Amino acid sequence: MEWIIKLLHPLPSAKLRLMRTSGDVTTSVGSRIRLECQFEGYPAPSITWRKEDIVIANDDKFHIQTDDRRSSTELVISGVQREHGGRYSCVAGNPAGVYRGDLHVTVNAPPIFIQRPVSTTYSTGSTSRITCLVEGHPLPQMTWFHDGNSLDSDDHVTYEHDGFVLVLNGVRESDAGVYNCVAQNSEGSAESVAMIRINGHRAPRLVVKPFDMRAPAGSSVEIPCKPDGEPLPRISWSKDEAEFVEDRNHKIHRTGSLRLYNIGPQDSGLYRCTASNLLGEDVAEGYLTVTGENSVEPAPHTSREPSASKPSVADDTIHMAVKLASREVDAAVNATINSLFGYHSNEQQDHGSLMKLLRFPDESARTVVRAADVYERTLSHIKKHIQAGVKMNLSEGFSYHDVLSPRQIELIANLSGCMEHQRTANCSDLCFHTKYRTIDGTCNNLQHPMWGASLTGFRRLLKPIYENGFSTPVGWTKGLKYYGYEKPPARVVSNEDKLQRLYGHPGNIDPFVGAILEDQVDGGRVGPTMRCLLIDQFKRIRDGNIDPFVGAILEDQVDGGRVGPTMRCLLIDQFKRIRDGNIDPFVGAILEDQVDGGRVGPTMRCLLIDQFKRIRDGDRFWYENPSTFKPAQLTQIKQASLARVICDSGDRLTELL
């Protein structure tokens with residue numbers, strides 16, 4: 001029997017209620033999140049998900065799932081991106097009404113640029129605003145730099161919009177340069193660069209002025225004078241109130257400085273520099289005193305005697321050369337930074353550009369390189385200065401020792417910044433140094449703190465020889481012969497010698513030397529590396545493509561010798577060079593016969609013994625040092641061996657083969 005029940009009056013609709021939600025979510029880029037809502041009401045509601053009131057549909061990023069009773073729903077977001085942050089709503093509706101629940105998603109993301117700073121030209125006295133807008137969460141903190149130096153807020157420099165806008169009040173000439181904005185938060189950082197230039201109508205101003213100086217007769221001097229202004233001021237000079245007339249030995253440089261060559265007593269006097277444009281003029285003066293007659297400062301410690309016809313260089317010229325070199329190097333560095341990290345750096349890069357970014361040195365490395373570049377550029381400017389004013393052949397046998405004294409060379413090193421990187425070890429904390437080693441090896445020997453320290457130059461085995469006296473290496477000048485031969489550049493000597501060594505390249509050990517030092521393979525006369533190379537060469541022989549070196553070592557030995565005719569010819573040539581004093585020491589050392597029971601010749605053995613002795617004697621923690629262990633302790637230590645230690649610490653080891 002079947003019963004049919006018919007409702008004459010349907011059940012009333014129950015008001016919708018939001019029972020619970022999963023709550024607000026904070027996540028990171030790339031993560032996966034789940035949002036949930038649960039409703040109660042009759043009849044079962046229809047549910048939709050919305051973001052900022054826009055309906056969400058299922059796709060590869062969003063997945064919506066609702067249970068059969070349509071009371072519980074969830075939204076899953078995969079691979080969250082920064083644009084997925086915002087307000088999400090689960091909206092349910094039935095005849096009794098509509099109800100919604102709001103959930104907020106916060107996506108933590110590193111800063112990205114909305115607006116990069118733009119390279120612009122400003123006029124002096126104006127107000128400039130450099131904008132660098134970024135977005136990210138948490139809110140990025142912005143830091144500004146001018147030519148590598150951080151900018152602090154003051155009356156001239158202010159910030160707007162939480163530091164995202166840099167304001168320069170009353171633009172100055174010194175404000176020109178490279179500006180970096182660096183945005184940082186807990187998720188990462190972003191950096192952009194802009195170049196700011198300054199122009200406008202400005203009254204003349206001498207940024208470098210003449211000063212009183214003394215110089216010996218026969219030398220060359222540069223009386224400095226450099227103007228600034230807009231339009232660019234015109235420079236004029238006078239001597240003792242009379243208009244200055246240029247000639248062969250008295251020239252006004254394009255920068256404004258006055259250069260005097262081969263000066264004499266008649267050049268003493270008051271020199272005045274005047275800078276003028278439409279807005280006015282600026283004047284400065286200095287007195288030049290010429291001392292002695294044809295006095296040239298000697299250049300000791302050089303193999304050449306300074307000639308009276310070769311001039312000396314005044315200290316003022318050195319100062320000016322260093323300043324000019326510093327400006328040139330800084331300009332080149334700033335241009336490189338701008339090209340690598342400027343506003344266009346987000347464009348698609350090729351492999352070469354990416355390699356430049358990876359190899360760009362950090363600040364500490366750039367400081368060291370800058371000092372070396374300024375030093376070299378200073379020497380170059382001094383050479384040009386001399387060449388412009390005297391009849392002196394600078395292409396043959398020129399040495400800076402002929403014109404620069406040791407004191408002046410040291411002065412250039414100090415002004416360029418080279419001496420700043422000379423480390424001095426502080427070993428005064430004996431409470432620490434008597435117990436522990438330093439990580440860089442300094443103070444291991446208290447009498448000689450830098451012995452064995454890292455980043456320290458090695459002791460020279462031979463006195464250094466430079467073609468110009470102290471900087472350019474042997475082989476630098478093409479056509480210059482030693483003992484009747486031209487020297488190859490140092491890089492060529494490092495990479496390849498006369499014997500055409502296989503796959504040679506700079507490193508801790510030459511591949512050819514390593515190959516001949518390997519243990520021989522069973523039944524053979526060469527090691528595994530050389531064996532592999534020979535097999536490859538035999539294939540080349542078969543194909544008619546033989547390497548000259550391999551062909552030489554495969555030749556039949558000459559009567560009474562150990563090499564073939566080709567190798568014999570090469571060796572005879574090398575020994576002639578030894579006789580004439582024209583042989584690379586390393587090549588000569590590895591060509592020596594091995595000592596009895598050894599793998600190297602007598603020269604190399606001497607060098608290695610000396611090196612290991614210095615390592616031992618330079619380390620006060622060496623176990624044989626009398627201050628390290630007591631005599632009884634040292635006796636016990638010497639009775640131990642590595643084999644004994646392994647046997648004692650291993651599992652059931654009784655013998656070590």
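The following dialogue goes through some terms applied to this predicted model.

Student: Why is Asp228 called buried?

Tutor: Buried means under 20% relative accessible area. Asp228 has 19%, so Asp228 counts as buried. Its place is in strand β22, residues 226–230.

Student: What makes Glu173 a contact of Asp228?

Tutor: Contact means heavy atoms within 4.5 Å. Leaving aside neighbours within four places in sequence, the residues in contact with Asp228 include Glu173, Arg202 and Pro233.

Student: How do you know that Cys37 and Cys90 form a disulfide?

Tutor: The cut-off is a pair of cysteine sulfur atoms within 2.5 Å. For Cys37 and Cys90 the S to S distance is 1.9 Å, so by that cut-off they are joined. Cys37 lies in strand β3 and Cys90 in strand β8, 53 residues apart. Both cysteines are buried. The whole structure has three disulfides.

Student: Why is the disulfide of Cys132 and Cys181 called right-handed?

Tutor: The torsion about its S-S bond is about 55 degrees, so the disulfide is right-handed. The sulfur atoms of Cys132 and Cys181 are 2.0 Å apart.

Student: What is the hand of the link between Cys225 and Cys273?

Tutor: That link has -70 degrees about the S-S bond and is left-handed. Cys225 lies in the loop between β21 and β22 and Cys273 in strand β27, so the pair ties together parts 48 residues apart in sequence.

Student: Why is Cys225 called buried?

Tutor: The relative accessible area of Cys225 is 0%, and buried means under 20%. Cys225 is therefore buried. Cys273 also has 0% and is buried.

Student: Why is the pair of Phe432 and Tyr436 called tilted?

Tutor: Ring centres must lie within 6.5 Å to pair, and planes under 30 degrees apart count as stacked, over 60 as edge-to-face and the rest as tilted. The centres of Phe432 and Tyr436 are 5.5 Å apart and the planes are at 40 degrees, so the pair is tilted.

Student: What makes β11 and β16 a pair of strands?

Tutor: Two strands pair if there are at least two bridges between them. β11 and β16 have four bridges, in the antiparallel sense, so they pair. In β16, Val167 is the bridge partner of Arg129.

Conventions:
Residues are numbered from 1 along each chain as its sequence is written. This is a predicted model: local features need pLDDT of at least 70, side-chain atom pairs count only at pLDDT 80 or more; totals for chains, interfaces and linings use all residues. Side-chain values use heavy atoms; hydrogens and water are left out. Helices (H or I, at least four residues) and strands (E, at least two) are DSSP runs, numbered from the N terminus. Buried means under 20% relative accessible area, exposed over 50%, partly exposed in between (1.4 Å probe, protein chains only). Rings of Phe, Tyr and Trp (its six-membered ring) pair if their centres lie within 6.5 Å; planes under 30 degrees apart count as stacked, over 60 as edge-to-face and the rest as tilted.
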